[in-house]
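Biologist: I have the sequence and the model open side by side. Could you take me through it, one question at a time?

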Amino acid sequence: MTATGADYAWMARALGLARRGFYTADPNPRVGCVLVRDGEPVGEGYHRRAGEPHAERNALAVAGARAAGATAYVTLEPCSHHGRTPPCADALAESGVARMVAAMQDPNPLVAGRGLQRLREAGVQVDIGVLEDQARDLNPGFVKRMTDALPWVRCKLAMSLDGRTAMASGESQWITGEDARRDVQRLRARSSAILTGVETVLADDPSLNVRLGAEALGDTGADAWVRQPVRVILDSSLRTPPTARLLELPGTTLILCVVEQREQAADLEAAGARVQILPEDQGRVGLRAALEFLAEQEINEVLIEAGPTLAGSFVQAGLVDELIIYVAPHLMGDGARGLFNLPGLRHMADRVALDIRDLRRVGRDLRITSVPAKAEPRNGS
């Protein structure tokens, strides 16, 4: 297709609408829709929450009869199957829209082109690929879960300028400033789950919850409703105390272990946790098995907030999709604790290569967003 400037402008507007469900649409994708007729918008909508109408149906409800002959701009291929709600492809076809422009095909195998085909069979002109990269960036976890049966894994860490995360005594509050800590709350709010290890629970007794209200999150234009992510603890032998702070908080706490210890499990479940036994890897919870299980629970985006050992294990296993590192402008000395525990890196060739995707200032601190670098092809390959 040859997209026009107007196509890009209206799709950008649809993406802006999709972002209003940024913190709330999970586990569904964030989707926006704009219906345009004679150069004017006649209906707009976005998907707010699972079980509620999708973006297309919300836009059609606004447009009413004016949808006939309109162009529908949708950030994701309209669904063609019955899930929590009826198929949106049918609703668009029945409304009489003349053209449908989708940013990207739905990676869900239940859809995967069927929605586009349904519209073509109804005589609707279908175009796809306008601002596709931006649409994918809006839903990295949903796309990965549908294509790889794994969630998108984002690892968050904070360090001093000399790469330290805690003093030798273990003291670590606070490395970064208030602005950076508020930024982390937004990362938590967008995540389906926050994952840590039992050592962090025992040492810090963290809350792992979203502590910003809807008003504070609303500066991104997102919907004013705060959803608490699932709290996930990797605890191979069930050492989490039933008195842990995170068990007292609203929301779900999931403890993943490898051994059946009925008494400890019963105590934790009585305290509000859900305990799940998973396959082991050298006596510990297998990291890939844990992520596969979370994907089965419709977890799209996982935020790792853990110490250097668990964070390093995820990196070395090749299971981290994105690293977000906050850098504070101070020095903690060579006796303080490092950022990652990465055993076996002895030569420069062993380095873990990263590509920096974003670098910005957050208050007095820096935030570095990076992804694993793709291996460069060897000469002659």
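Biologist: What phi does the residue that follows α6 have?
Modeller: This is a predicted model, in which local features need pLDDT of at least 70, side-chain atom pairs count only at pLDDT 80 or more, and totals for chains, interfaces and linings use all residues. Residues are numbered from 1 along each chain as its sequence is written, and side-chain values use heavy atoms, with hydrogens and water left out. Most residues other than glycine have a negative phi. The residue after α6 is Ala149, and its phi is positive, near 55 degrees.

Biologist: Is helix α6 itself largely enclosed or open, and how many of its residues are buried?
Modeller: Helices (H or I, at least four residues) and strands (E, at least two) are DSSP runs, numbered from the N terminus, and α6 covers residues 140-148. Buried means under 20% relative accessible area, exposed over 50%, and partly exposed in between (1.4 Å probe, protein chains only). The buried residues include Phe142, Lys144 and Arg145. Helix α6 is largely enclosed by the rest of the structure, because the buried count is 7 of the 9 residues.

Biologist: What phi does Leu208 have?
Modeller: You will find Leu208 in the loop between α8 (198-204) and α9 (214-217). Its relative accessibility is 3%, so Leu208 counts as buried. Although Leu208 is not a glycine, its phi is positive, about 55 degrees.

Biologist: What is the omega of the peptide bond from Asp26 to Pro27?
Modeller: Most peptide bonds are trans. Pro27 lies in the loop between α1 (5-18) and β1 (32-37). The bond from Asp26 to Pro27 is cis, with omega near 5 degrees.

Biologist: Which residues of β15 are buried on each of its faces?
Modeller: In a regular strand the side chains alternate between the two faces of the sheet. Strand β15 (residues 322-328) is largely enclosed, because 7 of its 7 residues are buried. One side holds Glu322, Ile324, Tyr326 and Ala328, and the other Leu323, Ile325 and Val327.

Biologist: Which strand runs antiparallel to β15?
Modeller: Two strands pair if DSSP finds at least two bridges between them. Strand β6 (residues 152-160) runs parallel to β15, with 7 bridges, and Cys155 has Leu323 as its bridge partner. The antiparallel partner, joined by 5 bridges, is β18 (residues 365-372).

Biologist: How far from the sulfur of Cys33 is the nearest cysteine sulfur?
Modeller: A disulfide is counted as a pair of cysteine sulfur atoms within 2.5 Å, and the structure holds 0 of them. Cys33 is in no disulfide, and the nearest cysteine sulfur, that of Cys88, is at a distance of 8.6 Å.

Biologist: What separates the closest N and O atoms in the salt bridge of Arg48 and Glu52?
Modeller: A salt bridge is a side-chain nitrogen of Lys or Arg within 4 Å of a carboxyl oxygen of Asp or Glu, and the count comes to 21. Arg48 is partly exposed at 24%, and Glu52 is partly exposed at 27%. Their closest N and O atoms are apart by 3.5 Å.

Biologist: How many residues apart are Glu199 and Arg239?
Modeller: The side chains of Glu199 and Arg239 meet in a salt bridge (2.6 Å, N to O). This pair links distant parts of the chain, with Glu199 in helix α8 and Arg239 in the loop between β9 (230-234) and β10 (253-257), and the separation is 40 residues.
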